[in-house]
Amino acid sequence: IIRGYLGKWTLVIKTITLVLAVSSGLSLGKEGPLVHVACCCGNILCHCFNKYRKNEAKRREVLSAAAAAGVSVAFGAPIGGVLFSLEEVSYYFPLKTLWRSFFAALVAAFTLRSINPFGNSRLVLFYVEFHTPWHLFELVPFILLGIFGGLWGALFIRTNIAWCRKRKTTQLGKYPVIEVLVVTAITAILAFPNEYTRMSTSELISELFNDCGLLDSSKLCDYENRFNTSKGGELPDRPAGVGVYSAMWQLALTLILKIVITIFTFGMKAQFLPPVLCWSGEFRLLPDGPRIRIPSGLFIPSMAVGAIAGRLLGVGMEQLAYYHQEWTVFNSWCSQGADCITPGLYAMVGAAACLGGVTRMTVSLVVIMFELTGGLEYIVPLMAAAMTSKWVADALGREGIYDAHIRLNGYPFLEAKEEFAHKTLAMDVMKPRRNDPLLTVLTQDSMTVEDVETIISETTYSGFPVVVSRESQRLVGFVLRRDLIISIENARKKQDGVVSTSIIYFTEHSPPLPPYTPPTLKLRNILDLSPFTVTDLTPMEIVVDIFRKLGLRQCLVTHNGRLLGIITKKDVLKHIAQMANQDPDSILFN
């Protein structure tokens, strides 16, 4: 976990600024930041228990459950939250983590329902109640929406990354306060004249999902009422009135504005991850990338783009069925005066398609959508649109928005979706290589405080192997740099007589000292006596799998207990690039 990303100050600042950012009316969502906030809470709670504070693997299990709870709160979708944690967040997801994540999501959903934040006694954000079942022929426009979602996802990722890269290499991103003010002012000026851009994004999506009734006053429901009765309370398809045509033009302009504003708003710099490297067996919340310096999520803006496109297509299909009911594609299932097409359903499917095109989510996306809307019977159209959008987006670019930002910002993240099938060994990747300087190590009982402080000041390594002696190179353990610094500073302040010439012992017992010798400094309590090791003949396929599933930062390479070298995550990434015929030195890490 990147240090400082899930700390208490991040939690406080993110909570306050998220409220202000969402209230501002910018084209952003609260869902991603809410997951970040939930993970901050989980990480802080881990520090209250030794079992989790000292065990990175167990802490990642807590963070997986926290991510599930965050999605449960953000969308009112507890099952979708568990699947999101499984599909997108945790690449190592043991069975015990599944039920713990489920329990966390359940408690989060129960708490949300008790508070009743929407004031409608419902857990879901966009509750829909469509009266008309979908027909098999409608899979064609649903798939078209999936294609649009895939195209939108590919367009968004490419343009957003290009904009972020430009900001990283120019003066555009060096004035964050001015940047926020300018974006807010431009958004306000462009959005105010249009009633659909003036309203909040969540309110817009809710209106687009709505199935028009007789009492609806929205322009989207301004139809000409040419009927006498309505069977079962269902309104038949009707010709569009002046209000509907006016709304279509406004929605078309809204679609263009939402696309542009979302690209540039999400494309400036938010304090959102070093989450979102936090997610996997490795945790992978989207890293702190070049985005506007406010908490911003992508779920709701992407859903808005898809919902607008879906509503436009739905109204078009509705009018086509009304005026051309005699066409073969309609007359077999759509009778005169019946309610055949539901534009709100098209909006819901379009929202799922566009969100899937950007994030490349599939199973969790479908479950979140039907939990979000209560439309369980429309799961097949949602599945068709989600899969189509993923296929189209993957054909135009293999990376989702999270992976693209991780690569852009140089975070050492191991993608678990690609297999490593080369026959190299650990000895081919470890450092030091032949003719390289020797590995920097500490000895267990022969180095002074001054020697250790010199090594710390001259290197930037995050930790050091501890060996019996430089001659034998027999491995004893591994000690972290920050633990060394803290222990030495505390000893100088609190322990009488510890000076630069004091011997540091990593052994359990120190030998008796001659008179007038400075007291020793015992640091065995900060020594990891069982660091992860592999032999020099271990296949790299196994090493890569270990790094992915255990979230290691480094592992030591030994031969018959003798230390030979070390492999870091960055070494693994460079080796993978080299095996893919890329220049390993071209991979830059932040």
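Colleague: Is Q473 buried or exposed?

Modeller: This is a predicted model, in which local features need pLDDT of at least 70, side-chain atom pairs count only at pLDDT 80 or more, and totals for chains, interfaces and linings use all residues. Residues are numbered from 1 along each chain as its sequence is written, and side-chain values use heavy atoms, with hydrogens and water left out. Buried means under 20% relative accessible area, exposed over 50%, and partly exposed in between, with a 1.4 Å probe and protein chains only. Q473 has a relative accessible area of 14%, so Q473 is buried.

Colleague: Where is the place of Q473?

Modeller: Helices (H or I, at least four residues) and strands (E, at least two) are DSSP runs, numbered from the N terminus. Q473 has a phi near 60°, a positive value in a residue other than glycine. Its place is in the loop between strand 3 (463-467) and strand 4 (475-480).

Colleague: Which loop holds R360?

Modeller: R360 also is not a glycine, and has a positive phi of about 65°. R360 is buried, with a relative accessible area of 5%. The residue lies in the loop between helix 14 and helix 15 (363-373).

Colleague: Which residues does T359 touch, leaving out those up to four places away in sequence?

Modeller: T359 lies in helix 14 (residues 343-359). The relative accessible area of T359 is 3%, so T359 is buried. Contact means heavy atoms within 4.5 Å. With residues up to four places away in sequence not counted, T359 touches E88, F299 and Y402.

Colleague: How many Å separate the backbone oxygen of L355 from a polar atom of the side chain of T359?

Modeller: A polar contact is a pair of N or O atoms within 3.5 Å; within protein, one must be able to donate a hydrogen and the other to accept it, and residues adjacent in sequence count only if both atoms are side-chain atoms. The backbone oxygen of L355 and a polar atom of the T359 side chain lie at a distance of 2.8 Å.

Colleague: Which cysteines form a disulfide?

Modeller: A disulfide is a pair of cysteine sulfur atoms within 2.5 Å. A search of the whole structure finds 1 disulfide. With their sulfur atoms 2.0 Å apart, the partners are C212 and C221.

Colleague: Is C212 buried or exposed?

Modeller: C221, the partner in the disulfide, is buried, with a relative accessible area of 9%. C212 has 14% relative accessibility, so C212 counts as buried.

Colleague: What is the order of the 3 strands in the open sheet?

Modeller: Strands of a sheet pair through backbone hydrogen bonds, either parallel or antiparallel. Two strands pair if DSSP finds at least two bridges between them. In this open sheet of 3 strands the pairing is mixed, and the order is 7-8-9.

Colleague: Which are the edge strands?

Modeller: An edge strand here pairs on one side only. The two are strand 7 (533-535) and strand 9 (562-568).

Colleague: Over how many bridges do strand 8 and strand 9 pair?

Modeller: Strand 8 covers residues 554-559. L556 stands opposite I566 in strand 9. Strand 8 and strand 9 pair in the antiparallel sense, over 6 bridges.

Colleague: What angle does the direction of helix 20 make with that of strand 9?

Modeller: Helix 20 (residues 540-550) packs on the sheet, touching strand 7, strand 8 and strand 9. Axes are lines fitted to C-alpha atoms, for helices over the stretch in contact, and angles run from 0 to 180 degrees between N-to-C directions. The angle between helix 20 and strand 9 is about 60°.

Colleague: Which residues does a cis peptide bond join?

Modeller: P432 is found in the loop between helix 17 (401-408) and strand 1 (442-443). Omega of the cis peptide bond is about 10°, and the residues joined are K431 and P432.
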